[in-house]
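Thanks for making time this morning. I would like to take you through one structure, and I will go slowly enough that you can follow along on the screen.

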Amino acid sequence: HALLVGGGVGNAPLHYLAKRLRARGVTVSFIYAARSADLIYCHDNFTCGTDSLCYVTDDGSCGEKGYAVEALTRALGKSNFDRAYVCGPTVMMKSCSQELGAAGIPFQVSLENYFGCGIGICSGCSVDTVRGKKRACVEGPVFDGSDLVWEKL
């Protein structure tokens, strides 16, 4: 059972991942977070691409009112997940990583860094991990969330 948590533009890559996971027989629960209803795209695609879908908006104009991490906390209290995937704003991913780490659920995050050169030469996209600096453009952008030094992002 996989839990996908997306915020803003971070929902788009998770939609593709949800389809791939379901094709492999994985149960997929998706938390789609956005600032407001007018920033939620392709409702039908997300609805039919998951087993369970929760919309959460900052202003409550679609789904639950609140933030992704609050919906994540509720989901963790209701279901058991084998793995989680998170993509969105750094502050959202950091708060989600704290919850997922505390719950002992392995998770990956997809960073939305700016890639200066895109081939690893400039190191402009470097992030601190427990294993030293990593270049998000060539060694990411997907990382094991527990490896990142969130305080330095």
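Predicted model: local features only at pLDDT ≥ 70, side-chain atom pairs only at ≥ 80, totals over all residues.

Residues are numbered from 1 along each chain as its sequence is written, and side-chain values use heavy atoms, with hydrogens and water left out.

Let me begin with the charged pairs. Side chains of opposite charge can pair when their charged atoms come close. Here I call a pair a salt bridge when a side-chain nitrogen of Lys or Arg is within 4 Å of a carboxyl oxygen of Asp or Glu, and by this rule the count comes to 5 salt bridges.

One of them joins Arg22 and Asp51, at 3.4 Å from N to O. For accessibility, buried means under 20% relative accessible area, exposed means over 50%, and partly exposed is in between, with a 1.4 Å probe and protein chains only. On that scale Arg22 is partly exposed at 34%, and Asp51 is partly exposed at 43%.

A second example is Lys133 with Asp128, at 2.9 Å from N to O. Are these two partners buried or exposed? Lys133 is exposed, with a relative accessible area of 56%, whereas Asp128 counts as buried at 17%.

Another salt bridge pairs Glu139 with Arg135, at 3.5 Å from N to O; Glu139 is partly exposed at 36%, and Arg135 is partly exposed at 28%. Glu139 is found in helix α5, and its C-alpha lies 36 Å from that of Cys62, which is 77 residues away in sequence.

Now to the helix pair. Helix α3 (residues 68–78) and helix α4 (residues 90–103) pack at an angle of about 15°, with their axes 9 Å apart, the axes being lines fitted to C-alpha atoms over the stretch in contact, and angles running from 0 to 180 degrees between N-to-C directions. That makes α3 roughly parallel to α4, a label that applies to angles under 35 degrees.

Which residues meet there? With contact meaning heavy atoms within 4.5 Å, α3 brings Ala68, Val69, Leu72, Thr73 and Leu76, and α4 brings Met92, Ser95, Cys96, Glu99, Leu100 and Ala103.

Finally, two single residues. Asn11, in helix α1, is buried, with a relative accessible area of 1%, and, not counting residues up to four places away in sequence, Asn11 touches Gly6, Phe30, Ile31, Tyr32, Ala33 and Phe46. Gly140 is in the loop between α5 (136–139) and β9 (142–144) and is partly exposed at 22%; the C-alpha atoms of Gly140 and Gly77, 63 residues apart along the chain, are separated by 30 Å.

Key. Helix = DSSP H or I, 4+ residues; strand = E, 2+ residues; numbered from the N terminus. Parallel < 35°, antiparallel > 145°, perpendicular 65-115°, else oblique.
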